[in-house]
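Trainee: Could you show me how to read salt bridges in a model, starting from the general idea and then turning to the case at hand?

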Amino acid sequence: MAKGKLIAVCQSGGKFTPGSDGSLSYTGGDAHAIRINTDSKFDELKAEVAEMWKYDPDSFTIKYFLPHNNKTLITISNDQDLQHLLDFHGNSATVDVYVLTNVNQMSDQLTMSHSRSRMVDEPVTSPDSFTHAASVSGDTEQLDWLASIASVSRDMNHPNNLTPEAPNDKDNGLQKLVKSWENCLTGLDQQFNNVYDFRVALNRFSIAHGFKYTFKTNNARYVIATCKAEGCPWSIQAARLSTTKLFLIKKMSETHSCGAGKSSARCPQVSSKLVKILVKEKLRDAPHAKPREIADEILQDYGFKARYSQVWRGVETVKEKHQVPYEEGYNQLPSLVKQMVENNPGSIATLFTREDLSFHRLFVSFQASLHGFKNGCRPLLFLDTMTIKSNYQSELLTATALDGNDGVFPVAFAVVDVVNDDNWHWFLVQLKSAISTFQPLTFVADRQIGFKKPISMIFKNSHHSYCLRRLTDKLKKDLDILYTEEVLQVIVTHFYDAACATTLDGFSKCIENIRNISLEACEWILQSGPEHWANALFHGSRYGHFKADVAETFYTWVTELPVLPIVKLIETICHKMMELVKTQLSDSGQWLTKLTPLLEYKLQQDILKANMLKVSVSHASTFEVCDSLGAMDVVNIDLWDCSCREWQLKGFPCCHAVAVLQWSERSLYDYCSEYYTVDAFRLTYSNSIYPVATADRPVQKKSSKIEVRPPPLYPASGPPKKRRIRNRHKGPFKRPLHCSKCQGAGHNRATCRIFS
């Protein structure tokens with residue numbers, strides 16, 4: 001036949017059986033003939049084969065043998081592979097081509113693996129050979145094939161699939177997989193698709209037989225490895241075939257004198273590439289497994305200890321392959337926003353870009369969150385921000401409420417390119433539009449939020465409570481040079497007492513205590529706006545909460561995540577919110593009290609305190625309550641009022657009110673705010689959040705149309721960091737220099753002029 005033309009005899013439906021010399025023979029099935037030449041295309045060949053047997057084009061692979069080699073199957077996967085077939089068989093009139101469906105391939109591998117497990121000393125082709133021999137051009141098949149074989153082995157649970165010597169207490173697919181690696185290397189002339197596949201097979205072989213090896217030569221053209229045990233004659237040599245990437249075993253001494261395979265205590269050499277393969281298999285069964293858990297399972301299943309760093313890199317590699325490209329994540333935001341609104345009717349998700357289509361800001365508030373806040377939460381919102389790990393500058397703005405059990409309830413969040421007053425103002429405008437309530441709200445936030453555009457301009461009749469933790473940090477920073485750490489701690493303690501004091505007298509006493517310690521500190525505190533943080537002066541209702549960082553208990557994991565595409569980050573936040581709503585509603589179904597568990601506990605504590613108080617009637621609904629020290633408080637049960645002001649501030653009876661209610665034989669639950677009831681809690685979580693995407697969905701390809709670009713890279717804000725000086729003096733004055741020679745001040749003995 002003319003050069004460059006062949007008749008391909010396509011066979012399908014049969015099975016491969018191994019011979020005593022390791023060669024494979026194909027029996028059974030049907031055969032059809034196809035003419036191929038140098039102009040033939042792989043897609044045309046595959047389409048014609050699919051038409052012959054009515055196969056799905058994606059459900060089979062096409063393979064063939066090299067001339068004079070019936071041990072290794074070569075895969076045809078593209079036009080270049082097809083031309084290699086013509087080159088290798090150009091002097092022949094016909095060539096046998098095997099059409100293997102995916103199911104038949106795995107079945108054949110299991111059959112051959114069982115047959116070869118009984119012939120350890122014979123030079124046969126291992127199951128790994130089919131994985132390594134993918135295509136002459138170097139386009140290897142996915143290593144998932146091996147994991148698929150192991151998976152089928154687990155499902156079939158057939159005792160003859162692999163060697164029967166596996167221990168009964170670890171009779172699982174992964175343990176059997178290690179046993180199957182005993183035949184990764186079979187002897188002379190065994191071929192591998194490239195040097196990488198040979199190294200993987202060598203590593204598996206050493207693990208299965210329990211020995212370490214070392215490379216004498218290791219490059220892309222030639223590899224020589226020997227057993228690491230002193231005096232052991234085991235060695236192997238492999239080289240690349242000229243003009244191809246195929247790797248061929250040239251020499252192999254199969255004898256060990258070190259006792260390989262007889263001692264389970266040996267720790268074989270483990271490469272990072274092999275660990276990645278094992279990690280991928282583990283993540284297939286447990287996608288959310290942590291590196292430490294995977295390392296422990298590898299030790300248990302395979303008998304060797306993989307380094308934590310190897311496992312961690314393997315996990316990250318697998319995750320990266322299933323992630324959207326980072327820049328493409330921004331371009332997929334419009335479709336994600338659309339999906340959030342479609343899956344959760346009534347939700348609000350708005351995306352804004354700049355004129356150059358670069359990302360600017362994104363606001364999200366689910367209908368379930370808005371419904372829960374309006375119908376079950378106190379009119380109290382905490383505003384906070386945190387930095388997101390990103391290749392571009394990204395910040396997370398959050399608005400969070402508290403449920404009746406003082407648990408975190410996310411109301412809305414936004415991702416912005418930079419934190420500034422303009423973005424905070426935009427976030428509050430979006431939040432007002434979403435909440436759409438005329439009820440006065442109290443915000444607990446850093447005093448810098450709304451510094452130029454106050455919150456009260458957006459939310460009428462609202463109140464802004466400064467975050468006490470941020471104020472304390474600022475106080476320490478401004479007074480750090482003047483006072484020692486011990487003095488600052490005393491000032492901060494009195495500062496907190498002043499904030500918590502419920503009466504003007506109590507507030508004044510705390511301020512006086514600070515003045516006695518430091519006039520500077522007292523002046524700083526009085527100029528920081530006490531009407532925004534002191535209980536005695538604040539006009540809003542913050543129910544005993546002073547700090548804005550309550551949301552950190554829910555959002556802290558965001559800062560612990562690796563760098564993720566923004567679309568994946570938003571999906572993760574939504575998934576966490578969905579889990580929170582579902583879990584809280586389920587847990588509350590077990591509660592049998594009228595109040596939530598936390599408030600029920602607080603009520604019982606107040607009852608114990610009330611037993612130590614004495615109640616006397618003053619006038620109608622007004623009562624006088626005295627403690628053991630003679631201090632008196634006045635309680636009006638009709639107005640829900642006590643002179644200690646705790647009842648008014650928290651919406652929950654103080655110990656004085658509890659004493660009066662018990663004395664008058666009234667129900668304590670009737671005088672608690674409805675926000676603390678189990679019914680209100682269940683109403684908070686009554687609506688569900690529906691997922692916006694599944695974690696296992698295939699990675700989307702890069703879009704051809706650009707809708708959103710990544711934001712610009714901003715330079716670091718603020719002055720450069722100064723060098724930290726440890727153990728520096730923090731007193732009000734520096735110790736003056738003193739000369740030990742002349743006893744004078746202002747210099748030391750080295751610079752003394754009198755005795756120089």
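This is a predicted model: local features need pLDDT of at least 70, side-chain atom pairs count only at pLDDT 80 or more; totals for chains, interfaces and linings use all residues.

Mentor: Residues are numbered from 1 along each chain as its sequence is written, and side-chain values use heavy atoms, with hydrogens and water left out.

Trainee: What is a salt bridge, and how many salt bridges does the structure hold?

Mentor: A salt bridge is a side-chain nitrogen of Lys or Arg within 4 Å of a carboxyl oxygen of Asp or Glu, and the structure holds 13 salt bridges. One of them joins the side chains of Asp 446 and Arg 470 (3.8 Å, N to O). Asp 446 lies in the loop between strand 18 (442–445) and helix 15 (455–458) and Arg 470 in helix 16 (residues 468–479), so the pair ties together parts 24 residues apart in sequence; helices (H or I, at least four residues) and strands (E, at least two) are DSSP runs, numbered from the N terminus.

Trainee: Is Asp 446 buried or exposed?

Mentor: Asp 446 is buried, with a relative accessible area of 18%, whereas Arg 470 is partly exposed at 24%; buried means under 20% relative accessible area, exposed over 50%, and partly exposed in between (1.4 Å probe, protein chains only).

Trainee: Which residue meets Lys 474 in a salt bridge?

Mentor: Asp 478 does, at 3.4 Å, N to O, and being 4 residues apart in helix 16, Asp 478 and Lys 474 are separated by about one helical turn.
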